Amino acid sequence: MCIGEDLSSCHSLHQLMSYTWQRATTPYGVVLTKKYPAALMNLGAILHLNGRLQKAEANYLRALQLKPDDVITQSNLRKLWNIMEKQGLKTSKT
């Protein structure tokens, strides 16, 4: 959210996130995320921030399949589940 912040910085951040999302969903990005849990976690975070909550969850879970002890991914997933539950969305844990 950019309430009370510099709008040009906020716009730049949104553009960066959109660009990153587009790059992550290219065929190269899809191949990259199949082997690298950090890439899956980052893609999950981008999806999370862009409101694509169910896709974010799927990417966090795939990242944890490859690296189950990743505390950052675990933390991101817990935060995502809290948001999803507040919005009445079904999560994989329920």
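1. Leaving aside neighbours within four places in sequence, Asn-76 is in contact with Met-41, His-48 and Tyr-60, where contact means heavy atoms within 4.5 Å. Asn-76 belongs to helix H5, residues 71–86; helices (H or I, at least four residues) and strands (E, at least two) are DSSP runs, numbered from the N terminus. Asn-76 counts as buried because its relative accessibility is 16%. Here buried means under 20% relative accessible area, exposed over 50% and partly exposed in between, with a 1.4 Å probe and protein chains only.

2. The model is predicted, so local features need pLDDT of at least 70 and side-chain atom pairs count only at pLDDT 80 or more, whereas totals for chains, interfaces and linings use all residues. Residues are numbered from 1 along each chain as its sequence is written, and side-chain values use heavy atoms, with hydrogens and water left out.

3. As to the overall layout, the chain has five helices and zero strands. Read along the sequence, the pattern is α-α-α-α-α. Of the 94 residues of the chain, 32% count as buried. Among contacts between residues at least 6 apart in sequence, 44% join residues at least 24 apart.

4. In the model, the end C-alpha atoms of residues 37–70 lie 9 Å apart, and the span is 79% helix and 0% strand. The end residues Asp-70 and Pro-37 are 33 residues apart in sequence, with a C-alpha to C-alpha separation of 8.9 Å. Asp-70 is found in the loop between H4 and H5, and counts as buried because its relative accessibility is 13%.

5. Does the length of helix H3 agree or disagree with expectation? The 13 residues of H3 (residues 37–49) should span 18 Å at 1.5 Å a residue, and the end C-alpha atoms are 18 Å apart, which agrees. The expected span is 1.5 Å times one less than the number of residues. The buried residues of H3 include Met-41, Leu-47 and His-48. After H3 comes Gly-51, whose phi is positive, near 80°.

6. Two packed helices are described by the angle between their axes and the distance between the axes. The axes of H3 and helix H4 (residues 53–66) come within 8 Å and cross at roughly 165°; H3 is therefore roughly antiparallel to H4. Axes are lines fitted to C-alpha atoms, for helices over the stretch in contact, and angles run from 0 to 180 degrees between N-to-C directions. Angles under 35 degrees count as roughly parallel, over 145 as roughly antiparallel, 65 to 115 as roughly perpendicular and the rest as oblique. H3 passes H4 in a left-handed crossing, that is, the near helix is turned anticlockwise from the far one by less than a right angle, whereas clockwise would be right-handed. Residues making this contact include Met-41, Gly-44, Ala-45 and His-48 of H3 and Ala-56, Tyr-60 and Ala-63 of H4.

7. H4 and H5 pack at an angle of about 155°, with their axes 10 Å apart; H4 is therefore roughly antiparallel to H5. The crossing of H4 and H5 is left-handed. Among the residues that make the contact are Tyr-60, Leu-61 and Leu-64 of H4 and Thr-73, Gln-74, Asn-76 and Leu-77 of H5.

8. Which residues does Tyr-60 touch, not counting residues up to four places away in sequence? They are Met-41, Gly-44, Ala-45, His-48, Thr-73, Asn-76, Leu-77 and Leu-80. Tyr-60 has its place in helix H4 and is buried, with a relative accessible area of 1%. Tyr-60 and Met-41 are 19 residues apart in sequence, and their C-alpha atoms are 5.4 Å apart in space.

9. Gln-74 also lies in helix H5, but counts as partly exposed because its relative accessibility is 25%. Not counting residues up to four places away in sequence, Gln-74 touches Leu-64, Pro-68 and Asp-69. The C-alpha atoms of Gln-74 and Leu-64, 10 residues apart along the chain, are separated by 7.6 Å.

10. Thr-91 lies in the segment after H5. Is Thr-91 buried or exposed? At 3% relative accessibility, Thr-91 counts as buried. Thr-91 touches Glu-57, Trp-81, Met-84 and Glu-85, leaving out residues up to four places away in sequence.
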